[in-house]
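Student: I would like to learn how to read the contacts in a model. Where do we begin?

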Amino acid sequence: MSSLLSIKNMSVNFDTPRGSLEAVRGVDIEIPAGMSVGVVGESGSGKTVMCRAAMGLLQGSTVNRTGTVIFDGNELTAMSKEQVRELFGSGMAMIFQDPLTALNPVRRIGAQVSEGLRIRLGMSKSDAMARSKELLELVRIPNAAAVLKSFPYQLSGGMRQRVMIAIAIACNPKLLFADEPTTALDVTVQAQILQLLRELREDLKMSMVLVTHDLGVVAGNTDYVAVMYAGEVVEYAPTKKLFADMRMPYTEALLDSIPRVDHKSGTRLSVIAGRLPDPTNRPAGCGFAPRCKYAQDKCTTDHPELKTDPDGHIYRCWFPIGEAL
Amino acid sequence: MFKFKELSKPTQLCVAWLGLMMFFALFGPFLPIENWTFVYEDDLGVTPFSPGHILGTDNNGYDLLSSVISGTRMSVFIAVTAVGLGGLIGSALGITAAFVRGKVDLVLSTAFNVGLAIPNLVLALALVSVLATNVDMTEVVPIWRRVVVLVISLTIVLIPILGRIARGATLTWSGREFVTAARSMGMRDMQIIRKHIVPNVLPALIAVAFLAFGVVIIAEASLSLLGVGIPDGGSWGGMIARGRNDLEYSPHVLYIPVIFLAITVISTNQIGEVLRGRLDGRESKV
Amino acid sequence: MAGSGTAHMRNTVDSVLTVRDLTVEFRVGKNKTVKAVSGLSLDVVKGETLAIVGESGCGKTTLARAILQLPPPNSGEVIFDGTDMTLLPKENLRSARTSMQMIFQDPISSLNPRMTVHQLIDEPLEIWDRGTRAERDERINKLLFSVGLEPDLVLNRRSYEFSGGQCQRISIARALALDPRMLICDEPVSALDVSIQAQILNLLLFMKETYGLTMLFISHDLAVVKAISTRVMVMYLGKICEVAPPDVLYSQPAHHYTRALLNSVPIPDPTKQIRTELLQGEPPSPMNPPSGCRFRTRCVGASALCAEQEPQLREVSPGQFVACHHPIV
């Protein structure tokens with residue numbers, strides 16, 4: 001199974017007045033073609049920075065990115081900004097958490113959707129508008145003709161998110177980055193949008209990277225899951241296998257601490273004590289050690305490397321769950 | 001809030017300059033130099049750095065250092081008073097408008113908008129000619145009367161400017177949840193304004209106040225240049241008016257007040273900008 | 001979907017809060033009103049945690065603010081500790097409010113960024129002059145300990161120096177300063193990280209048990225609600241759909257909206273994914289709600305009756321009340 005996107009040993013540092021802030025540290029991820037990969041982590045885990053860095057969207061003199069990113073055979077990290085931008089739209093596309101700020105408030109929807117079609121595919125204005133209408137119908141927006149003439153503020157959050165998806169898939173990208181696409185939406189709208197994404201993926205044969213903090217969302221919408229903590233990938237496996245057979249104590253602790261509708265009411269939630277490590281001052285050993293209930297001496301002194309099991313399950317832990325000590 | 005050492009070099013210079021201006025303004029009369037009206041008959045039109053006259057004299061024998069110090073006192077007094085009064089009244093009205101809302105807000109906002117439409121120079125000209133000019137043009141008008149009318153007219157112009165800022169800031173802050181929390185604790189409205197609204201609105205006002213200082217100083221100088229301000233050159237504008245004619249032979253008579261004026265206004269603007277930048281940074285954290 | 005309907009009220013002397021026929025409407029523009037809450041009744045019994053669940057626009061936050069009279073509702077009664085708060089004059093209202101404190105969604109903006117933690121928690125004590133300086137300081141320390149914060153480390157710092165979870169703890173300490181009988185929590189964990197949510201929820205449960213608090217818990221997150229509530233009320237577009245104990249509501253929902261809501265919640269278990277009928281479309285505008293049952297435009301079980309007659313709450317199983325003409329059996 002070939003990899004559509006391959007991130008090797010990527011690190012991202014920011015220069016801040018308080019010192020060098022390490023947001024992402026030595027991340028290795030392979031996104032197979034046609035698959036959906038979830039990236040799960042809390043705020044501060046580095047998941048958003050990693051996605052933006054992979055797409056080359058982080059700019060500025062304070063950003064230092066190292067490592068290689070290979071997309072569809074092209075080495076993005078060796079290409080110029082213009083060359084990378086060529087790939088946007090038809091190669092990679094991205095949808096964001098807050099559609100209100102991602103859409104231009106003073107331009108009509110029709111203009112924003114057709115812009116990509118005209119610039120990238122060289123369509124005429126009328127052709128692009130017609131195709132825009134089709135796209136809006138593809139993302140199940142009722143009354144597409146009226147929506148084309150509307151402004152973003154006139155639409156609900158769910159509708160705006162659909163518009164953003166329409167813009168993203170306009171040029172048939174091979175890979176879609178979805179950065180917390182449903183976090184700001186109501187739960188019923190979230191379910192609709194996730195279903196839409198599942199169907200679009202199948203129809204368009206599109207791969208997806210789904211970044212979220214919600215383990216429930218990844219459980220139902222991904223083929224593989226990568227768990228990030230403190231800037232590193234700490235576990236990576238097919239979704240079903242990850243949930244059935246967790247290796248990282250962090251993943252287990254995270255799953256235990258979330259309230260669930262399928263558990264009995266009033267169950268006391270188990271808590272992860274402590275706080276995230278300081279990104280300007282990463283500890284020597286495992287980043288999760290101070291909060292881990294299985295931690296041993298080795299965990300605080302030696303930084304664990306990624307290990308791959310024969311069945312493809314990758315994890316970063318000296319004493320993974322299930323392994324006899 | 002912030003230390004002197006942390007500021008950039010230019011800003012430090014600006015603070016130092018303003019400090020010097022304040023010093024002149026407060027202690028000018030106590031300095032061991034003659035009053036600016038003293039005529040040095042032997043030293044007409046001497047250039048700066050001449051013995052006894054570090055900034056030179058003008059063609060009438062007035063020492064420029066004394067003149068400029070007197071001008072500083074005048075400008076600083078008028079600026080501080082006008083901005084202070086304008087700020088006090090304006091923010092009281094603005095905070096009230098934003099807190100009470102409804103009809104009161106409507107009336108006050110309209111009043112602000114009307115006030116903003118009045119050009120400050122025209123208003124000052126009108127008030128001065130009505131209130132501080134004698135029908136018999138040969139009689140001398142006491143300086144204090146001119147000063148008071150100037151301050152009044154500038155205050156009137158500043159009230160809507162600072163009032164609008166205060167109103168906007170109050171609208172933002174009173175929407176925050178900690179104000180609702182304070183109400184739910186049983187706090188009275190006046191207490192809420194005093195303890196929660198004012199301390200958060202003040203920084204924005206102070207930043208604008210500094211910018212307003214610059215505007216007022218230039219306004220006063222313009223009016224004096226036109227002859228409607230402080231008569232007889234006891235101010236920077238008056239010095240510039242007097243120096244106009246000396247440009248060919250004694251340009252320093254004109255340059256000195258212009259330089260003082262320019263550096264002072266640049267300094268207040270710079271400090272106002274720095275304050276605003278700090279504020280935005282802090283508020284984005286909240 | 002019922003607006004009125006008081007079948008779910010228990011009318012006992014143990015009721016700490018009784019709300020009857022509450023209506024909150026906002027005028028927006030010339031002839032348009034947003035009907036945020038329409039004729040709603042509820043009661044909260046001592047020691048209970050009533051959760052109000054609904055999506056954005058259902059009116060739950062407006063309801064909470066209206067109970068506190070911030071601002072007061074357009075009509076209806078809010079009877080707290082025997083007194084109708086809507087009828088109280090301003091001064092009495094101020095003191096009545098102290099028995100009912102609120103915790104807000106955004107932990108950082110609920111604290112004045114210019115005040116130290118000490119000043120923040122002292123404020124309510126100062127307003128009501130509760131004790132000497134020494135007594136108040138001691139109380140502040142005790143409150144901070146009880147929410148899991150070290151007084152020495154936090155007293156002199158300001159809100160922007162803390163994380164969301166810590167700010168929420170400070171808010172809880174402040175809310176408890178005046179010994180309230182009831183705590184209204186408006187989405188208190190929505191803005192927090194997943195692993196912190198559990199900490200704060202456990203803290204709220206602990207506080208409830210220790211201080212014998214009665215709670216009104218507002219949230220859009222069904223999973224959070226299940227963990228913390230003893231009774232759940234589902235709202236849609238300003239009206240009540242269903243009221244039931246959590247175990248019953250979650251396993252046997254009687255209202256179509258409740259079921260759709262439950263089916264939409266993503267479950268962190270790949271083997272338990274529900275792909276059945278999802279709720280389609282968008283909620284109608286609160287300025288122009290549908291006639292009769294407000295949910296009928298998106299309901300699979302709607303009939304002509306639903307458009308004509310507004311359903312009232314009635315009991316369909318012990319303790320479970322639903323406002324629907326054709327409830328799920």
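Tutor: Begin with buried area: the accessible area (1.4 Å probe) that two parts lose on being put together, summed over both. Domain 1 and domain 2 of chain C bury about 1100 Å² between them, with 73% of it on carbon and sulfur atoms. This is a predicted model, where local features need pLDDT of at least 70, side-chain atom pairs count only at pLDDT 80 or more, and totals for chains, interfaces and linings use all residues. Residues are numbered from 1 along each chain as its sequence is written, chains are lettered from A in the order in which they are written, and side-chain values use heavy atoms, leaving out hydrogens and water.

Student: Where do the domains of chain C run?

Tutor: Domain bounds come from an automatic or database domain assignment. In chain C, domain 1 covers 15-99 + 181-322, and domain 2 covers 113-177. Their C-alpha centres lie 30 Å apart. Contact means heavy atoms within 4.5 Å. Domain 1 of chain C puts 15 residues into the contact, and domain 2 of chain C puts in twelve.

Student: How many salt bridges are there between domain 1 and domain 2 of chain C?

Tutor: A salt bridge needs a side-chain nitrogen of Lys or Arg within 4 Å of a carboxyl oxygen of Asp or Glu. Between these two domains of chain C the count is zero.

Student: Which element gives the most to the side of domain 1 of chain C that touches domain 2 of chain C?

Tutor: Helices (H or I, at least four residues) and strands (E, at least two) are DSSP runs, numbered from the N terminus. Here α7(C) gives the most, with eight residues. By class, that side of domain 1 of chain C has eleven nonpolar, three polar and one charged residues. Ala, Val, Leu, Ile, Met, Phe, Trp, Tyr, Cys and Pro count as nonpolar, Asp, Glu, Lys and Arg as charged, and the others, Gly among them, as polar.

Student: Now the other chain. How many residues of chain C are in contact with chain A?

Tutor: 40 residues of chain C touch 45 residues of chain A. The two chains bury about 3700 Å², and carbon and sulfur atoms give 55% of that. C:V194, C:P268 and C:P270 lose the most area on the chain C side, together 17% of what that side buries.

Student: Which residues form the salt bridge between chain C and chain A?

Tutor: A:D262 pairs with C:K272, and their closest N and O atoms are 2.9 Å apart. The count between chain C and chain A is one salt bridge.
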